[in-house]
Amino acid sequence: MRPLSLASGTLEEFDPLTVLRAAEAAGFDGCGIWFDAATWRHATTRELKTAFRDSDVVPLEIEVIMLGNPADTDDHRRLLDAGADIGATEAIVVSTVADPSQTADLMAELCGHAQRRDINLCLEFLPIFAIKDLEGALDVLARVDRRNAKLLIDPLHLARSGRTPAALAGIDEDLFSFAQFCDAPAELGEVPSYDVLLEEALHGRVNPGEGGLPLSELLTRLPTTIPLSLEVRSRRLREAFPDPVERARNVFAATRAFLQRTS
C-alpha cells in the first residue's frame, strides 16, 4: 500500500511537534510540517530534528512558499534550510504572480538553493491563486526546467479547476514526487466564487471515500510509489475530533479502508 502521510493542514491549529506526535500515534508513515516564519526558531528545528530521529514517522513536506513578494525570499530560504535540517524532501510552492514567466523565474531561482539541500519544489495549482489549473502549472514547470521542480496534485483543486484525472495522462512520472489526498462532493453546488472556493478548501473537505471525487481513477494516474499526504481540512472533523490524535486516527482509518476497498 502507498505510504500515507499526515499533512499539517489536517491539524492546522496545532504546532509541528503535535502534528508529528499525532501522526505517529495514528500509524502514519510520514507527516508534513507548517513553517511559520514569524515563530520558527533554531530551537524549533532542533526539537523537530530530534523528534523525527526518535520516531518511525518520516518528514515529508514543509510548507508553504508563496511566490510573489521579493521581500519574502529570505524566509523562503529559511524554510528550505529548516526543511532540509529536519529531513523533509518536499516543499510546497504556490504563486500569487499572474505572469507565468515571472513565477518561473522566481521558482527557478529557489530551485538552485533547494537542490543543494536535496529538496524538491512542488508547484501546487489552485483556482483561487495565480496558477489556477493543471495547464498553467505545467507551463511554469516547462519554463523552470529543473530536475527538482515537481507538480503537486490535490484532487480537490483538480476537480474545481474543471479537470478530471484523465488530464494527467501522458505527464512524465518524474514530475510527481508526492500527492495530496482528500475527498469532497463531486459538484460544488454553488457559483465557484473566490469566497466559496476558499471556504471549501479550508473547511469543506472530507475523508477519502466519503465524497464524490474520482479518487480511484486519480490513483491509477499517479505513480504507485509516491506518498499520499492526507490534507483533510475540515470544520466537521475539527468539531468532532478536537483531540489531534483522535482526528489523525479518524483520517488514517478512513483512508486505509478506502484504499483497501479500491485496491
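Author: A residue is called buried when its relative accessible area is under 20%, exposed when that area is over 50%, and partly exposed in between, using a 1.4 Å probe and protein chains only. Helices (H or I, at least four residues) and strands (E, at least two) are DSSP runs numbered from the N terminus. The model is predicted: local features need pLDDT of at least 70, side-chain atom pairs count only at pLDDT 80 or more, and totals for chains, interfaces and linings use all residues. Residues are numbered from 1 along each chain as its sequence is written, and side-chain values use heavy atoms, with hydrogens and water left out.

In helix H7 (residues 194-203), Val196, Leu197, Glu200 and Ala201 are buried. Viewed down the axis of H7, these buried residues fall within an arc of 125° (taken from the directions from the helix axis to the C-beta atoms), so they line one face of the helix. Helix H6 (155-160) is included in what covers them, contact meaning heavy atoms within 4.5 Å.

Elsewhere, alanine 149 belongs to strand S6 (residues 149-152) and is buried, at a relative accessible area of 4%. Beyond its neighbours within four places in sequence, alanine 149 has contacts that include Met107, Cys111 and Leu175. Leucine 123 is 26 residues from alanine 149 in sequence, with a C-alpha to C-alpha separation of 7.4 Å.

Serine 8 sits in the loop between strand S1 (4-6) and helix H1 (16-26). Serine 8 counts as buried because its relative accessibility is 6%.
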